[in-house]
Amino acid sequence: MLQDYFEQGDTTTLARQLLGKQLFYHSPAGVLSGYIVETEAYLGELDRAAHAFAGHRSPKNEALYQAGGTIYIYTIYGQYLLNVSTQPQGVPQGILIRGLQPHLGQAIMRQHRPHARTDFELTNGPGKLMAALGIQDLSLNLQNYTDSALTLNLTAGKRPLKIEAASRIGIGVQGKWQAAPLRFYVAHNPFVSKIPKRALNLENYGWQS
DNA sequence: ACGAAGATTATCT
DNA sequence: GATAATCTTCGTG
């Protein structure tokens, strides 16, 4: 069961395991899907960079406090960002999904992001992938990945040849929580945000065959 | 009604 | 790498 999956492991391990898993969105325009290629773990009350740091709780981050597998969507600078709540109800940890390799419905994603210069730029960032999916409101927030129009397939997907760990992006803190290697991505995959061009592998995109 | 916050993006150098 | 533009949500009055 999906809830158990997100409540049993530690959040850092779950963030790594999410790489290669398939995300589906049953959108009004048709089924859209992609493989997760980049994630970040946020470790709750102790994590200075987390929305739930020091137990901060409000309607905005309520989803983090709910059961594992709850959808957490919030906005920043007008962008919508997608997360999975981890750990049982009351433990406010989660995983941000930062990069997606399109699988089904790429043409529709292109319609949602007509100005993307390349197909890689359709979904190589947390705000970009939500725009590509066409999710531009909070109606899925606090729902879960089992019942709603957004689902995760945890039993199929691709296997990364190599997983890179790095510090998280865009967090406004200094010190150990800034430096902590809690960002994970599929090495050499072109849908990872801010990856150098020279690091790309356009033959296999970083997946096992 | 207003203001602040903010896990970004696009577009430069 | 730096910078400006960005806009929704929520807390306060």
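This is a predicted model: local features need pLDDT of at least 70, side-chain atom pairs count only at pLDDT 80 or more; totals for chains, interfaces and linings use all residues.
Student: What lies 2.9 Å from a base nitrogen of DNA strand B, and what makes it a polar contact?
Tutor: A polar contact is a pair of N or O atoms within 3.5 Å; within protein, one must be able to donate a hydrogen and the other to accept it, and residues adjacent in sequence count only if both atoms are side-chain atoms. The atom at 2.9 Å from the base nitrogen is a polar side-chain atom of Asn-83, and 2.9 Å is within the 3.5 Å cut-off, so the pair counts. Phosphate oxygens of DNA strand B are reached too: one is 3.2 Å from an N or O atom in the side chain of Arg-98, and one is 2.9 Å from a backbone N or O atom of Lys-128.

Student: How do the residues of the surface near DNA strand B divide by class?
Tutor: They divide into 10 nonpolar, seven polar and four charged. Ala, Val, Leu, Ile, Met, Phe, Trp, Tyr, Cys and Pro count as nonpolar, Asp, Glu, Lys and Arg as charged, and the others, Gly among them, as polar.

Student: Which residues are around DNA strand C?
Tutor: They are Ser-58, Pro-59, Lys-60, Thr-75, Tyr-77, Gly-78, Tyr-80 and Leu-138. Sugar and phosphate account for 80% of the atoms of DNA strand C that come within 4 Å of the protein. A base oxygen of DNA strand C is 2.9 Å from an N or O atom in the side chain of Lys-60, and a base oxygen lies 3.2 Å from a backbone N or O atom of Gly-78. Tyr-80 has a polar side-chain atom 3.1 Å from a sugar or linking oxygen of DNA strand C.

Student: Why is Ser-27 called buried?
Tutor: Buried means under 20% relative accessible area, exposed over 50%, and partly exposed in between (1.4 Å probe, protein chains only). Ser-27 has 10%, so it is buried. The side chain of Ser-27 reaches the backbone nitrogen of Ala-29 at 3.0 Å and the backbone oxygen of Gly-30 at 2.6 Å.

Student: In which strand is Ser-27 placed?
Tutor: Ser-27 is in strand S1, residues 22-27. Strands (E, at least two residues) and helices (H or I, at least four) are DSSP runs, numbered from the N terminus. Five of the six residues of S1 are buried.

Student: How do you know that S1 pairs with S6 in the antiparallel sense?
Tutor: Two strands pair if DSSP finds at least two bridges between them. S1 and S6 (residues 150-153) have four, antiparallel, so they pair. Six bridges join S1 to S2 (residues 30-42), also running antiparallel, and a hairpin of two residues links S1 to S2. Tyr-25 has Leu-32 as its bridge partner in S2 and Leu-150 in S6.

Key: Residues are numbered from 1 along each chain as its sequence is written. Chains are lettered from A and ligands numbered from 1 in the order in which they are written. Side-chain values use heavy atoms; hydrogens and water are left out. A residue is near a molecule or strand if one of its heavy atoms lies within 4 Å of it.
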